[in-house]
Amino acid sequence: MQAAMELIDVKKTIGKKEIIKGLSFTINQGEVFGFIGPNGAGKTTTIRMMVGLMKLTDGDIRILGNSVKTDYKKAIAEVGAIVENPEMYPFMSGWSNLKHYARMIPGITEQRIQEVVELVGLGKAIKEKAGRYSLGMRQRLGIAQALLHNPSVLILDEPTNGLDPAGIREIRHYVRRLATEENVAIIISSHLLGEVEQMCDRIGIIKNGEMIAIQAVNDTSEESETQVLSQVKLEVSPADQAIEILKTSFEIDAVLDANKLVFQYEKNNIPSLIESLVKQNIAIYQVEVSKASLEDKFFDLIGENIIG
Ligand SMILES: Nc1ncnc2c1ncn2[C@@H]1O[C@H](COP(=O)(O)OP(=O)(O)OP(=O)(O)O)[C@@H](O)[C@H]1O
C-alpha cells in the first residue's frame with residue numbers, strides 16, 4: 001500500500017538556527033499518527049511544511065507519492081488541515097459556513113457537505129449559528145471544512161487544546177471513525193501524550209527538531225516484551241551504594257521511592273544487572289518487573305513531563 005505521507009530527511013533552518021534536523025518517517029493510509037513533543041520541539045514548524053505553508057530547507061515530503069517540491073499542487077490537494085483555530089463566521093450557521101467555504105473549492109457538491117457533516121456528527125446542530133457552538137463543536141466544524149475536498153491526509157495541530165475531557169472524548173471518537181470509514185491518514189500534534197494516546201495507532205516523539213522514538217500504541221509483539229523498556233523496582237541494601245553502581249556501570253538514573261529503587265531497563269538485560277549488584281555485595285530483597293507504559297517510556301526518553 002502506498003504511504004499517505006512520507007517525510008524524507010526533512011530539514012528546516014531559520015536564520016542560523018537549525019529547527020528541524022532531518023526528520024524521516026512514514027504515515028500509512030487510514031492510520032492515526034500522534035506527533036508528540038514538548039513546547040518548542042518543532043511540531044508546528046514540521047506541520048507548516050507538511051501543509052505547504054513553509055518551504056523545506058532540505059529533504060522532501062511526499063503526499064500519496066507527490067513531492068511538495070516538484071508536484072506541489074497535486075501534493076497539497078491531498079491535505080486537509082486545521083493549523084490555527086478554524087476560521088468561521090459566528091453569525092452564520094455551521095451549514096452556511098461550510099457552503100461558503102465550499103464555493104472556493106471546485107467540484108464540491110451539497111451531497112459532499114452533507115457527508116462531512118455526518119462524518120463529524122454535527123447532525124441538527126449544523127443549522128445553528130456557529131457562534132453558539134462549544135469549542136468541541138467548532139473543532140468538528142473545522143474538521144468538516146478540512147475534509148470537504150476529500151483529502152488523503154488530515155492534519156490537526158493541537159486539536160485538544162482548551163477542550164474539556166468531554167470535548168477530548170468527542171474528538172477521539174470522530175478521529176477514529178474518520179480513519180476507519182474514510183481511510184484518511186490523520187496526524188495529530190500535541191504536547192500531551194495522555195490526551196491523544198488513546199486515539200492513535202502510532203506515536204512519534206520529537207525533541208529539539210529530531211524524532212527520538214516511534215512506537216505503536218498497544219504493541220503486544222514478542223519483540224516489545226523483551227527489547228523495550230520495563231519498569232523495575234528493586235528492594236536493596238545499601239540503597240545509596242546500589243544507586244551508585246547502577247549509575248556508573250549501567251548509566252541508569254534510579255530514584256528511591258518508598259524504599260525501592262525505581263528505573264527503566266530492557267527486560268532481557270535485567271538478570272545480568274542483578275548478578276552484577278549481587279557480586280558487589282548488594283543485598284536484594286525483592287525484584288518487581290512490569291511492562292513500562294508508554295508514558296513511562298516517553299518520560300524516560302524526553303526527560304520531562306509530556307503526559308498531562
Ligand atoms: N520564524 C521563526 N524564527 C526563528 N525561530 C523560530 C521560528 N519559528 C519557530 N522557531 C523556533 O523553532 C523551534 C520550534 O518551534 P515550533 O513552534 O515548531 O515548536 P512546537 O513543537 O510546535 O512547539 P509549541 O507546542 O510550543 O507550538 C522553537 O525553538 C521556536 O522558537
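Mentor: Keep in mind that this is a predicted model. The axes of helix α5 (residues 135-147) and helix α6 (residues 165-182) come within 9 Å and cross at roughly 25 degrees.

Trainee: What does that angle say about how α5 and α6 run relative to each other?

Mentor: Angles under 35 degrees count as roughly parallel, and therefore α5 and α6 are roughly parallel to each other.

Trainee: Is the crossing of α5 and α6 left-handed or right-handed?

Mentor: The crossing of these two, α5 and α6, is right-handed.

Trainee: Which residues in α5 and α6 meet?

Mentor: From α5 there are L135, G136, Q139, R140 and I143, and they meet G167, E170, I171 and Y174 of α6. Sorted by class, that contact of α5 with α6 has 4 nonpolar, 3 polar and 2 charged residues.

Trainee: What about α3 and α5?

Mentor: Helix α3 covers residues 94-102, and the axes of α3 and α5 come within 10 Å, crossing at roughly 30 degrees. That angle is again under 35 degrees, so α3 and α5 are roughly parallel to each other. The crossing of α3 and α5 is right-handed.

Trainee: And which residues meet there, between α3 and α5?

Mentor: G94, N97, L98 and Y101 belong to α3, and they meet L141, A144 and Q145 in α5. This contact of α3 with α5 divides into 4 nonpolar and 3 polar residues, with no charged ones.

Trainee: Changing topic. Which residues are around the ligand?

Mentor: The residues around the ligand are I14, K17, I19, G37, N39, G40, A41, G42, K43, T44, T45 and H191.

Trainee: Which element gives the most to the shell?

Mentor: That is α1, with 3 residues.

Trainee: How many of the shell residues are nonpolar, polar and charged?

Mentor: The shell around the ligand has 3 nonpolar, 7 polar and 2 charged residues.

Trainee: Zooming out, how is the chain divided into domains?

Mentor: Domain 1 takes in 5-216 and domain 2 takes in 229-291. The C-alpha centres of domain 1 and domain 2 lie 43 Å apart.

Trainee: Last one: what is the peptide bond from S237 to P238, cis or trans?

Mentor: The bond from S237 to P238 is cis, with omega near -5 degrees. P238 is found in the loop between β11 (229-237) and α9 (239-250).

Trainee: What about the phi of E251?

Mentor: E251 has a positive phi of about 55 degrees, although E251 is not a glycine. You will find E251 in the loop between α9 and β12 (255-257).

Key
Residues are numbered from 1 along each chain as its sequence is written. This is a predicted model: local features need pLDDT of at least 70, side-chain atom pairs count only at pLDDT 80 or more; totals for chains, interfaces and linings use all residues. A residue is near a molecule or strand if its C-beta atom, placed from the backbone, lies within 6 Å of it. Helices (H or I, at least four residues) and strands (E, at least two) are DSSP runs, numbered from the N terminus. Ala, Val, Leu, Ile, Met, Phe, Trp, Tyr, Cys and Pro count as nonpolar, Asp, Glu, Lys and Arg as charged, and the others, Gly among them, as polar. Domain bounds come from an automatic or database domain assignment. Axes are lines fitted to C-alpha atoms, for helices over the stretch in contact, and angles run from 0 to 180 degrees between N-to-C directions. Angles under 35 degrees count as roughly parallel, over 145 as roughly antiparallel, 65 to 115 as roughly perpendicular and the rest as oblique. A crossing is left-handed if the near helix is turned anticlockwise from the far one by less than a right angle, and right-handed if clockwise. Two residues are in contact if their C-beta atoms, placed from the backbone, lie within 7 Å.
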